[in-house]
Amino acid sequence: MTYYDYITSGEHKKYRRPAFDGRDIAAEFSAEFLPPEERMTRRFEALCANEEAHIFDGQKIVFMRTSSDFPDVFTPDEWTEIKKTHFIHELGYTSNVTPDYKKVISRGFCEILADERTNEYEKREINALMSVVEKYRAEAERIGRDDVYEVLSRVPWEAPRTFREALQFFRIVHYALWLEGTYHVTCGRFDKYMYPYYKADIDAGRLTDEEALDLVTDFFLSFNIDSDLYPGVQQGDNGQSMVLGGCDADGNDWFTRLSEICLLASGKNKLIDPKINMRVSKSTPADRFVKGSRLTAVGMGFPQYSNDDVVIPGLEKLGYAHEDAAEYGVAACWEFIVPGNGFDVANIAALSFPKVVDNVLHRDFASCKTKEELTTAVKKEIAAQCANITSSVKNLWFVPAPFLTLFFDAPHGDVSRGSKYNNFGAHGTGISTAADSLAAMVKYVIEDKTVTAEELTEAVDSDFEKHSELLPILRNEAPKMGAENGEEADEWAVLLLRTFAEEMSEYRNCRGGCWRAGTGSAMYYLWHASEIGASPDGRRKGEPFGTNYSPSLFAKTPGPVSIIRSFTKPELVNNVNGGPLTLEFDSSVFSEADAPEKLGALVRYFIALGGHQLQLNSVSKDVLLDAQAHPEKYPRLIVRIWGWSAYFTELDKPYQDHVIARQEYKL
C-alpha cells in the first residue's frame, strides 16, 4: 500500500492511541491551581511523550499525530468563571491565525533556544517537540530510511539548507501548532517564503522540476493525515489554507514556477487540503487565470481568488501599513490577515441583513410611504445592530499559546494578548435575501401599490399561507440580485454594505483595534436563516440563504456574467473582512477543450470590475443526488461549502442539500 493509499483509505488511523487514557487533566490542573501557560505546556509535553513515529513506504515529508485524545485544560466550572468577566471566542483557544513561518524556519530551534527573549514555557515546548523529532530520526535509522534520517539530523535544530529540509521543517512546526491547541492554522504566502529554498536547489542542480513536484505532492499529503482530528463545524473546516501569487510592497509579482508546482500538486492529489488561494489583480497575465481554471476543473473548489487591487487599498483604509497590507493572506476561510503581526479575530461576529429587513418590516414598514423613509429605517436598524455587535465583545481572552508566540511579533510576550494588529471582523450575511426583499417591498407596496404593507407582512408571517398569490410573484417575478431585472436589488445591496462598513468604522474594539465589515457568511447561511421566518423576496420559512456573497438559491439568473455585474457594484474596498462571490459550474462544461480559457476570462472580468473575492465549484447535480443516496460509491467526491472544501458524503444533510440547491452555470 502506498503512502497515498494509507491516507485516503484511513489505514493510518490504526496507529492512534489515547495520551491521557480517560484522565481528567483539567481537574488535575485545577487542583494544583496551575496558571494557563503551565497547563498548556504540560498538556503539550504529555502529548509529545505519547506520540509514536511511523514512516510509510515512499513517504518523504514525515510526522503525523498519533495521540487520539485532546482534553481541555480548564474544567467546565473554570470556564464558567472565566466567562463571567471575559468574552470567549469559539473554543477559547487561538484560531484563524497565520503564523510567520519564515520567522522560525530561517533561524532553527538552536538559535531560538539560545535567545534570551525565549521564555521557559516556549523552551519546554520546543524541547518536547524535539523529543518527537528524535523518535522519527530513530525510526528512520531503524528502517533504513537514510534520506529521512539525514533531513531530521538538521531540521528543525538548524535552519534548512534545501527545499526538502524547509518543507520538513514546516511540517514539524505546523503539526506542533495544532498539537498545542491552536486551530485553523493557515499557511500564509507559502510560495513566497519557500521559493528561496526551491530556487537554490534548482540553481545548484540538486533538484529537478519533476523532483520538486514529487516533493510538494508528498508534502501536500501531510495536510490530510491529521485533518479529521482538527476542530471545525464539519470535517474539512480546518483552515489549512495556502496563498499563492500576489505582489509585494514594491508591486513586484510573486507568482513563480513554485506557485505553478503547487497548483499541479493540488490537482494531482485531489484531496481537500491544503486549500489553494490565488492573489491576482488587473495586471495578472491571462495565462495565470487559465492555470487556476485548470485546477477548478479538477473539482475541489480551488483556487479561491483575491483581488490585490481591492484588498490592499481596503486594508490600508483600515489602518494597515502598506508593507503589511501587501503581505496579506487568509485566515482559515477567506478573511484577510497579515502573517506574523496580525492577531485579528476576523470571525468574531456576524450581522444578518435579512434580520435587519425582518425587523424593519414588522416595526417600521407600515409607516414608510416613500423609498427614502424605508432607507432611513433600514440604516437606523443597521446602526442599532452594529452597536449591539460591538458592545457585546468586551474583555476578549484567549488561552495563552507559548509555541504559537514564537511565530509572532508579540509586544506583551504572549500572542494571545495581541500583536501589532488586533482588529475584529464581522460577517455580513444574506445580502441577496435582504436586497431582494427590500426591492420587492419598494416595487409592490410603495411604487405599484398592488399590495399593502399589512398584506405583505401577513403573507410573510404565515409562510405565504395567507395571500398565497403573492408567493409566485415575489419568488419568480420580483427583482433579484444577479437577474436581468435586478437593478433595484443591486442598489439596495450597495446601500446595505456601505452602511454596514460606515457604522462599523465608528467603533474601536476592546483591544484598541478597528471593526472590519465583510461579505462572508460561513455557517450563518443556515443559522441566520433559521432565526427568521419567510422573507418578502419569496423565500419560504426554513429555506437557507445563498452561501457567502451570492444570489438567492431560487433566483432565476441568466448566467455568471450577469451575477458578476451585479455583485461588483458595491464599493467592496470598504468590506474587506472577506467573503467571496461563489459560483457553481456544471462539471460537464469542463469536457470542452477551451473551458479553462473561458473560465479564466470570466475570472479576469470579475477582477477588472472590482470584485474582491471569487470562488468557483465544479459540480454535477445528478452526481450529488446519487451520492446522497449511495454514499459508498463516492468516498472522494469533493464540494466547496463556504470557505473550505469537504468530502460530500461526510457532510451533514443540511450542508449537502445546500450544495445541491445551488444553481449550476454554463460557460
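Is D214 buried, partly exposed or exposed, judged by its relative accessibility? D214 counts as partly exposed because its relative accessibility is 32%, a value that belongs, like every other in these legends, to a predicted model.

**View 1. The salt bridge between K268 and D214.** K268 forms a salt bridge with D214, and the closest N and O atoms of the two are 3.5 Å apart. The pair links distant parts of the chain, with K268 in helix α12 (residues 257-269) and D214 in helix α11, 54 residues apart. K268 is partly exposed, its relative accessible area being 46%.

**View 2. R124, E45 and the network around this pair.** Salt bridges that share partners join E32, E38, R42, E45 and R124 into one network. Within this group, R124 forms a salt bridge with E45, for which the closest N and O atoms are 3.0 Å apart. R124 lies in helix α7 and E45 in helix α3 (residues 36-50), so the pair ties together parts that are 79 residues apart in sequence. R124 is partly exposed at a relative accessible area of 26%, and E45 is also partly exposed, at 25%.

**View 3. The salt bridge between D115 and R107.** The side chains of D115 and R107 meet in a salt bridge of 2.9 Å, taken from N to O. D115 counts as buried because its relative accessibility is 13%, under the limit of 20%, whereas R107, at 22%, counts as partly exposed.

**View 4. R137 in helix α7.** R137 is found in helix α7, which covers residues 120-142, and with a relative accessibility of 21% this arginine counts as partly exposed. The C-alpha atoms of R137 and E150 are separated by 8.3 Å, the two residues being 13 residues apart along the chain.

**View 5. E210 in helix α11.** E210 is found in helix α11 (residues 209-221) and, with a relative accessibility of 62%, counts as exposed. From C-alpha to C-alpha, E210 and G413 are 43 Å apart in space, while in sequence they are 203 residues apart.

**View 6. A negative surface patch.** E454, E455, E458, D461 and E469 form a negative surface patch. Of these residues, E469 has its place in the loop between α20 (453-461) and α21 (470-476).

**View 7. The whole chain as context for the close-ups.** The secondary structure comes to 27 helices and 15 strands, and a search of the whole structure finds 52 salt bridges. Buried residues make up 63% of the 667 residues in the chain. The radius of gyration is 25 Å, which agrees with the value near 26 Å that a compact globule with 667 residues would have.

How values were computed:
Residues numbered from 1 in each chain as written. Predicted model: local features only at pLDDT ≥ 70, side-chain atom pairs only at ≥ 80, totals over all residues. Heavy atoms only, no water. Patch = residues over 30% accessible without salt bridge, like charges linked within 9 Å, V, L, I, M, F, W, Y side chains within 5 Å. Areas by Shrake-Rupley, 256 points an atom, 1.4 Å probe, with all protein chains shown as cover. Salt bridge = Lys/Arg side-chain N within 4 Å of Asp/Glu carboxyl O. Lys, Arg positive; Asp, Glu negative; His and termini not counted. Charge placed at Lys NZ, Arg CZ, Asp CG, Glu CD. Helix = DSSP H or I, 4+ residues; strand = E, 2+ residues; numbered from the N terminus. Rg over C-alpha atoms; globule rule 2.2 N^0.38 Å. Buried < 20%, exposed > 50% of the residue type's maximum accessible area, 1.4 Å probe, protein only.
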